[in-house]
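Visitor: I would like to go through this model with you. Could you show me the sequence and the structure before we begin?

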Amino acid sequence: MDFEVWDENWEAVMMFLHMQTQWTVSMSGYVGLKYEVLVGSGGLFDLYNVEDRRDVFERIQVLEATALTELRKRSDVKN
């Protein structure tokens, strides 16, 4: 799938993609991302030298909320 990413969102999209295996899941489905993987000591923000962590974090939360909405829609279709 191809899609356009605006320059100001590039770093957040890349961090979101790096987080693709870091979802918390319960019996009812996806809950959200494991933020400690981003912000913990030695986490992805450190590994990739993210400077404006607040901005990137807030953008990731938008991506996460959108992803959760889409994942829940797909789950509702199956049920």
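Visitor: How many salt bridges are there, and by what rule?
Guide: The count comes to three salt bridges, where a salt bridge is a side-chain nitrogen of Lys or Arg within 4 Å of a carboxyl oxygen of Asp or Glu. The model is predicted, so local features need pLDDT of at least 70 and side-chain atom pairs count only at pLDDT 80 or more, while totals for chains, interfaces and linings use all residues. Residues are numbered from 1 along each chain as its sequence is written, and side-chain values use heavy atoms, with hydrogens and water left out.

Visitor: What does Arg-53 form a salt bridge with?
Guide: Its partner is Asp-46, and the closest N and O atoms are 2.5 Å apart.

Visitor: Where does Lys-73 lie relative to Glu-70?
Guide: Both are in helix α4, three residues apart, about one turn of the helix. Lys-73 is partly exposed at 47% relative accessibility, and Glu-70 is partly exposed at 36%.

Visitor: Staying with helix α4, is Glu-64 buried or exposed?
Guide: Glu-64 lies in helix α4 and counts as buried, with a relative accessibility of 7%.

Visitor: Changing topic: which residues gather in the patch of negative charge?
Guide: Glu-11, Glu-51, Asp-52 and Glu-58 form that patch on the surface. Patches are made of residues with over 30% relative accessible area and no salt bridge, with like charges joined within 9 Å and nonpolar side chains (Val, Leu, Ile, Met, Phe, Trp, Tyr) within 5 Å. Lys and Arg count as positive and Asp and Glu as negative, whereas His and the chain ends are not counted. Each charge is placed at NZ of Lys, CZ of Arg, CG of Asp or CD of Glu.

Visitor: Where is Glu-11 found?
Guide: Glu-11 is in helix α1 (residues 10–18). Its relative accessible area is 35%, so Glu-11 is partly exposed.

Visitor: And how do strands β1 and β2 pair?
Guide: Strand β1 (residues 23–26) and strand β2 (residues 29–33) pair in the antiparallel sense over four bridges; two strands pair if DSSP finds at least two bridges between them. They form a hairpin with two residues between them, and Val-25 stands opposite Tyr-30 in β2.

Visitor: What is the order of elements from the N terminus on?
Guide: The elements run α-β-β-α-α-α, with four helices and two strands in the protein. Helices (H or I, at least four residues) and strands (E, at least two) are DSSP runs, numbered from the N terminus.

Conventions. Areas by Shrake-Rupley, 256 points an atom, 1.4 Å probe, with all protein chains shown as cover. Buried < 20%, exposed > 50% of the residue type's maximum accessible area, 1.4 Å probe, protein only.
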